[in-house]
Amino acid sequence: MSHTDFDQRPILVFWETTKACLLSCKHCRAEAISHALPGELNTQESLEFVESLKEFGKPYPVLIFTGGDPLMKKDVFEIAKRAREIGVPLGFSPSVTPNLNHESASLLKRLGVSTVSISLDGAFPKTHEFIRGVQNHFEQTINAIQMLVSMGFKVQVNTTVMANNLYELPYIVKLLKTLKVAIWEVFFLIKVGRGISLEEITPQEYEDVMHFLYEVSCYDMIVRTVEAPFFRRVVECRNTGSVPPQYAPKEVYLKLSKKLRELLGEPFSEPKAQSVGTRDGKGVIFVAHNGDVYPSGFLPYPLGNVRRKTLAQIYRENELLRDIRSSRFYGKCGICEFKDVCGGSRARAYAKYADPLGEDPACVYTPSGKL
């Protein structure tokens, strides 16, 4: 995967199959609603979009069915079946609703879906249900994870970190280990969609959480981050034992790390902190319900539409994407020695400065030679 030519193909294509979802989560990027919006790709257009992925050549990117809730798209299994017939690997990110049951999971299994991602935003019902807006949803989520694990799926749990769940992170890790979850994908709040009203953590808290996540990966758990690519800088420095003193983790890290050890004991495995140098628009691309293409779901900067051009054409030819992949950034991201492996969150730069090539305001690192 690390040898993929990101100028030619992404490794992940996220497809917002529909805006429809039975939940109303407070941080929803998609601002999902209870029904599909006009303009959603119809069955034929969806099949043509899936077919067009062959233009990337092999190995084909993984197509992640997301939303809204992909299980709310009436033709989703027909489309997924066609994707598998042509050899496109699939992942699914369903919402925990009555639509996610043994029958629908069995259909996914028969289609060759190996990985399913489920969102869990707190270690306790009060926190998770505050964000999800549904009573008893915590228990339903735990039950869904247990069902998927028992059916042999590789389950990835997605958690969005924000101010009100920051200190629950060690308890979430403990819960995931108990549930035999293989992958923890940790999202960091971008103020888009409904998430604009929620409180982000501070830049120093980001840095502390990155060090904490590195340690989590030493408990035999694959850890990835979304919209926190500076995790890779921390991973590189921790792996080489070269964390500069001024960037040593501070109070929040100490509290999180102490609690993690109380719950799980000392770390016992080699780190599984993933550090492939992808970012919004580099190795990752997003297709909205109506065919609009964005660098990511958190970066609503339109690049084109798959009704008019193929995704491969847009991905390879768009000028902004070329700038992103060439690390042509402004501010400190533009001169940082980690700009290729990290590159900062393009979505956060856009949310803050209306410039997807700006610097990431959540990063505390000062590049060598600056200031």
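## Cysteines

The structure, a predicted model, holds zero disulfides, a disulfide being a pair of cysteine sulfur atoms within 2.5 Å. The sulfur of C218 is too far for a bond, because the closest cysteine sulfur, in C237, is 15 Å away. C218 counts as buried at 10% relative accessibility, where buried means under 20% relative accessible area, exposed over 50% and partly exposed in between, with a 1.4 Å probe and protein chains only.

C333 is likewise in no disulfide; its nearest cysteine sulfur, that of C363, is 6.4 Å away. C333 also counts as buried, at 9% relative accessibility.

## Basis of the values

Residues are numbered from 1 along each chain as its sequence is written, and side-chain values use heavy atoms, with hydrogens and water left out. Because the model is predicted, local features need pLDDT of at least 70 and side-chain atom pairs count only at pLDDT 80 or more, whereas totals for chains, interfaces and linings use all residues.

## Nonpolar cores

A nonpolar core is a set of buried Ala, Val, Leu, Ile, Met, Phe, Trp, Tyr and Cys residues joined through side-chain atoms within 4.5 Å. The largest one has 99 residues, of which F49, L63, W184, F188, F212, L213 and L311 touch the most other members. Helix α7 (residues 203-216) gives the most to this core, with seven residues; helices (H or I, at least four residues) and strands (E, at least two) are DSSP runs, numbered from the N terminus. Another core, of six residues, lies apart from it and includes F187, I190, L299 and A347.

Residues up to four places away in sequence aside, L311 touches V13, F49, S52, L53, F56, I285, V287, V293 and V306, contact meaning heavy atoms within 4.5 Å.

## Helix packing

In helix α6 (residues 169-178), the buried residues are L169, P170, I172, V173, L175 and L176. They pack against α5 (137-150), β5 (154-161), β6 (183-188), α7 and α9 (251-264). After α6 comes K180, with a positive phi near 65°.

The axes of α4 and α5 are 8 Å apart, at an angle of about 100°. Helix α4 is therefore roughly perpendicular to α5, a term for angles of 65 to 115 degrees.

## Residue D121

D121 lies in the loop between β4 (115-119) and α4 (125-132). This residue is buried, with a relative accessible area of 0%. A polar atom of the D121 side chain lies 2.8 Å from the backbone nitrogen of T160.

Notes. A polar contact is a pair of N or O atoms within 3.5 Å; within protein, one must be able to donate a hydrogen and the other to accept it, and residues adjacent in sequence count only if both atoms are side-chain atoms. Axes are lines fitted to C-alpha atoms, for helices over the stretch in contact, and angles run from 0 to 180 degrees between N-to-C directions. Angles under 35 degrees count as roughly parallel, over 145 as roughly antiparallel, 65 to 115 as roughly perpendicular and the rest as oblique.
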